[in-house]
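Me: I'm new to this structure and would like to learn how to read it. Can we go through a few features together?

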Amino acid sequence: MRPTYDTRTAPTDTGGLTLPVGRRMLAGMESSINLSTVDMAVRIGRLTLRNPVVTLSGTCGYGDEYGPFMDLSLLGAFTTKSVTLEPRRGNAPPRVVETAGGMLNAIGLANVGLERFIAEKLPVLSALGVPAIVNVAGHTIEEYVKVCRTLDAQPAVAGLELNVSCPNVADGLVFGTDAGALGELVRAVRAEVRRAVLIVKLSPNVTDISRTAAAAIEAGAEALSMVNTFVGMAIDIERRRPVLSNTTGGLSGPAIKPLALHMVHRVYRQVAGPAGIPIIGMGGIVTWRDAVEFILAGATAVGIGTALFIDPTTPLKVVEGLRAYLASRNILAVSELVGRLERGR
Amino acid sequence: MHLEARSPTDRGARSVFLAAVRANDPVCRDHYRLILALAGFPSAQPGQFVQILCADPEGPPWAGGAFTRRPFSIGGLRRTGNDCELDIIYRVIGPGTKWLAGLRPGVQVSVLGPLGRPFELPADRPVAYLVGGGVGLPPMIWLAEVAAAVGRQVVAFCGARSADSLPLRPRGRQDAVPLSPTEPTLCMEEFAQWGVPAVVCTDDGTLGRRGRVPEVFTSYLASHADEAAQAVVYTCGPEPMLRLVARSCELLGIPCQVCLERTMACGMGTCQSCVVRIRDASDAQGWRYQLCCTDGPVFDSRAVVWQDEKWGT
């Protein structure tokens, strides 16, 4: 049972945030606590992350690409580019286009395929010193099951994230937008995955995301990552043609943050919170302030995606900003902030 | 002259840097030359590029000129101790470069790099022909410096639509630029400073010879067969131009390295947007995708399936 909030509790600083931190406050301590005292660890199912900031599928390659730019072992977790049973070339270019406050992409799940992923990419990934979540996509339930079963047998794989929401392939959205089909898929995979944590990445391209969230949880998802990109398009008015060769693409970046935040809030309140299922919140996060918003809305962890393209060290800046925020408010553990949105004015 | 010692593929050397604008002045009607001052910039070589954030590095990501970084080839690099100056020569074409054009000396910009694979200078080819068109000329300027410094006999072939879209400064009076394609002279300041002679042509004849650079270059090859037999050709510019230059080289068996341009979001091999079709006999369709940012931007011309080439599906 969640603690009830006493809204009369005095704020711990002038930030105006009124968290019930009295119980955890160090006795008699007026100023902020030491940064190193803040417990940044979070749990995603059976997986413990050293901090709540993860990198997102399709924005950080297979592990070695950002090695020169940052110490990847400082991440909470790393999520790979989607892996499919067979290699995929992906879509013809143009594959991306910048839009207001974000970008559209239609890569088309270009990847090396399961066999080469295990032979060439997984050894690199396992040497990073960070929990590796492998994003899995497929055409059919059988394909998902085969890939997940094979990867579950690899000790280097800490988590499996089902990509049921890629908007850029012909069959990508089927599982993500139909709660019945999604439940069936998750159940089939659940039966085969024994070791890795099973995460389902939800599509925002639905009428009511709580329904697909509930279906995934009911079928055995241990965590939800949300949300994937929003379907969108851009048109070249000179050529009178879509800019992307795929016509449509997935919108990401700060432009989608309010939409994604709302969906995390809704699913946390209606489904995931009551069920005790953690949410990895994502969608346009660039700064630690964005991360705090997602955590307050109900995310246990947060994902950085498109922002990596601009600055690969963004996750580390978010971790440090988040830690300082917590310390300045005498909050001893980031997990205490999850879903702690105040009601009323 | 800055011969960079470290391996260009040393990925441990890349990072995000804050650079100070030292100068940002028009070179011609369409192009600006931005000089950036950085501390501790890693070793880099001609053909490599940087990704510049065309927005205030401290501001929100949607403020300023552009959201994702923009790639720019390095047009020159000078070192003094730990300090480094980069030349970025750019054409104003969209919100990012428009924002760049407004930068005043002293302000800071965020630079990611150096990125990509550089040109190679094989030891057994003593001649280097540099063929650049328009905004493809900047990497040629730096390559001219480096190639001349390691003893190559360098000739530059420069093309643009017209004199006011050529990002180079004539040495002396414009009307003194010779019209003959067969006699390169020290006519363009950016190349002449390294002792590199150049041939200039413009589509409208407003500077140098009237015509397009592939034609001028091809006629030069025909009249200098002995010299050309010992050359490597380096080229950068619009892809139809690259394709014509590459074709002339292939007919004569001269190795040709092309520096390609693609739309890219990251420049680090993760966004997968800057794909180039590369011939691959082991593939059922005869080609596979490589990334312009990490596999290129410099490719062997014989490997490239051109954008307008009908090939496979």
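Me: Which residues of H5(A) are buried?

Reply: This is a predicted model. In it, the buried residues of H5(A) are A:Ile209, A:Ser210, A:Thr212, A:Ala213, A:Ala215, A:Ala216 and A:Ile217. That is seven of its ten residues, so the helix counts as mostly covered, given that buried means under 20% relative accessible area.

Me: What do the buried residues of H5(A) pack against?

Reply: Several parts of chain A. Three are helices: H3 (174–177), H4 (179–190) and H6 (257–275). Strands E9 (197–201) and E10 (223–226) are packed against as well.

Me: Let's zoom in on one residue. Why is A:Thr212 called buried?

Reply: Because its relative accessible area is 3%, and the cut-off for buried is under 20%. A:Thr212 sits in helix H5, which covers residues 209–218 of chain A. Leaving out residues up to four places away in sequence, A:Thr212 touches A:Gly176, A:Thr177, A:Ala179, A:Leu182, A:Leu202 and A:Val206.

Me: And the ends of the helix? Which residue caps the N-terminal end of H5(A)?

Reply: A:Asp208 does. One of its side-chain oxygens lies 3.0 Å from the backbone nitrogen of A:Ser210. After the helix comes A:Gly220, with a positive phi near 115 degrees.

Me: Now for empty space. How do I look for that?

Reply: Rolling a probe the size of a water molecule over the atoms shows where empty space is left. Here, searching the whole structure turns up four cavities of 30 Å³ or more. The largest cavity has a volume of about 520 Å³. It is lined by 38 residues, and the closest to its centre are A:Ser57, A:Thr59, A:Asn105, A:Asn228 and A:Thr229. Strand E6 (102–105), strand E16 (301–304) and helix H8 (307–310) of chain A each give two or more residues to that lining.

Me: What classes of residue are in the lining of the largest cavity?

Reply: There are 18 nonpolar, 18 polar and two charged residues.

Me: Last one: how do I read the place where two chains meet?

Reply: The size of an interface is often given as the accessible area lost when the parts come together. In this case, chain A and chain B bury about 2,500 Å² between them, with 65% of it on carbon and sulfur atoms. On chain A's side, A:Phe69, A:Arg89 and A:Ile310 lose the most area to chain B, together 29% of what that side buries.

Definitions and conventions: Residues are numbered from 1 along each chain as its sequence is written. Chains are lettered from A and ligands numbered from 1 in the order in which they are written. This is a predicted model: local features need pLDDT of at least 70, side-chain atom pairs count only at pLDDT 80 or more; totals for chains, interfaces and linings use all residues. Side-chain values use heavy atoms; hydrogens and water are left out. On a 1 Å grid over the protein atoms alone, a cavity is a set of points where a 1.4 Å probe fits but cannot get out, and a pocket is an open set with protein on both sides within 12 Å along at least five of seven lines; lining residues have an atom within 4 Å of a point. Grid points are joined across faces, edges and corners, and a volume is the space filled by probe spheres set on the points. Helices (H or I, at least four residues) and strands (E, at least two) are DSSP runs, numbered from the N terminus. Ala, Val, Leu, Ile, Met, Phe, Trp, Tyr, Cys and Pro count as nonpolar, Asp, Glu, Lys and Arg as charged, and the others, Gly among them, as polar. Buried means under 20% relative accessible area, exposed over 50%, partly exposed in between (1.4 Å probe, protein chains only). Contact means heavy atoms within 4.5 Å. A polar contact is a pair of N or O atoms within 3.5 Å; within protein, one must be able to donate a hydrogen and the other to accept it, and residues adjacent in sequence count only if both atoms are side-chain atoms. Buried area is the accessible area (1.4 Å probe) that two parts lose on being put together, summed over both.
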